[in-house]
Amino acid sequence: MCAHVLVAEDDEKQAELIRRSLLAEGHTATVVHDGEAALATARRLRPDLLVLDLMLPVLDGFGVCRELRGEDGELEVPVVMLTARSGEDDLLLGLDLGADDYLTKPYSPRELMARIRTVLRRSGGARDAGPVVRAAGIGVDPVRHEVRCDGVPVDVTPAEFQILLAMAAEPERVFTRRQLLHCTRGFDRSSTERAVDVHIMNLRRKIEADPRRPVRLLTVFGVGYKLSGRL
């Protein structure tokens, strides 16, 4: 069972641990660090499951779940809630808002993966045809693990795929090298931040008409890279 899982967790180390565990299980993962980003990304990607920390900045997990469940069934994404609070009131409120499962910190990654497997089975598992994330003429299919540029299939490495998936999910967002490096972890463990430049250079050869004058995958000098939201 291969699913696309959205992870909303403000602790970057914890989010990375969850992401690596999901990759090891054969899933794909997108990570965000606040509630508003969780909502926007869920609406854009329509993931198979949402791992949702309650103590998110900007909009907490309760607010995220309330918004998702209030959209007239448009987003029926299963939710596994994570929290450092173990009070019964929090548990009941989370379940009342439509959470499918609830895990109290600290927890083991193995326990979380087991809960995710159970929820996916209960909800019917991953969809046969997942959402294709599109930006700048690039289509990234997180379920089929395919990339197309202007409709033409593009061969990419696993690390390049994760970089494109993250950037296509948030076009015009500027990613630092360190943030993009996190996307490659689990596939390219020996990478350094400078290796990200090599991935970007290789991607430009594959998706740009003229890699020396990119119009899709852009450099933001002194900061990092972004994928254009338009052509």
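**Figure 1. Helix α8 against strands β11 and β12.** In this predicted model, helix α8 (residues 193-207) lies across β11 and β12 and runs at about 145° to β11. Angles run from 0 to 180 degrees between N-to-C directions, with axes fitted to C-alpha atoms and, for helices, over the stretch in contact; contact means heavy atoms within 4.5 Å. Helices (H or I, at least four residues) and strands (E, at least two) are DSSP runs numbered from the N terminus. Residues are numbered from 1 along each chain as its sequence is written, local features need pLDDT of at least 70, side-chain atom pairs count only at pLDDT 80 or more, and totals for chains, interfaces and linings use all residues. Side-chain values use heavy atoms, with hydrogens and water left out.

**Figure 2. The antiparallel sheet.** Three strands form an open sheet in the order β10-β12-β11, with antiparallel pairing; two strands pair if DSSP finds at least two bridges between them. At its edges are β10 (175-176) and β11 (217-220), each of which pairs on one side only. β11 and β12 (residues 224-227) are joined by 4 bridges, and Val220 stands opposite Gly224 in β12.

Figure 3. The pairing is parallel in an open sheet of 5 strands, ordered β2-β1-β3-β4-β5. Because β2 and β5 at the edges each have a single partner strand, one side of each is left without a neighbour in the sheet. From one strand to the next, the twist averages 20°. Helix α1 packs on the sheet, touching β1 (4-8), β2, β3 and β4, and its direction makes about 170° with that of β2.

Figure 4. In β4 (residues 79-83), 5 of 5 residues are buried, meaning under 20% relative accessible area (1.4 Å probe, protein chains only). Val79, Met81 and Thr83 point one way from β4, while Val80 and Leu82 point the other way. Parallel pairing over 4 bridges links β4 to β3 (residues 49-53), where Leu50 has Val79 as its bridge partner and Asp53 has Leu82. Another 4 bridges pair β4 in the parallel sense with β5 (residues 101-104); Met81 is partnered there by Tyr102.

**Figure 5. Lining of the largest pocket.** Val31, His33, Gln179, His182 and Cys183 lie nearest the centre of the largest pocket, among 19 lining residues. The elements α1 (12-24), β2 (28-32), α6 (158-169) and α7 (177-184) each supply at least two residues of the lining.

Key:
On a 1 Å grid over the protein atoms alone, a cavity is a set of points where a 1.4 Å probe fits but cannot get out, and a pocket is an open set with protein on both sides within 12 Å along at least five of seven lines; lining residues have an atom within 4 Å of a point. Buried means under 20% relative accessible area, exposed over 50%, partly exposed in between (1.4 Å probe, protein chains only).
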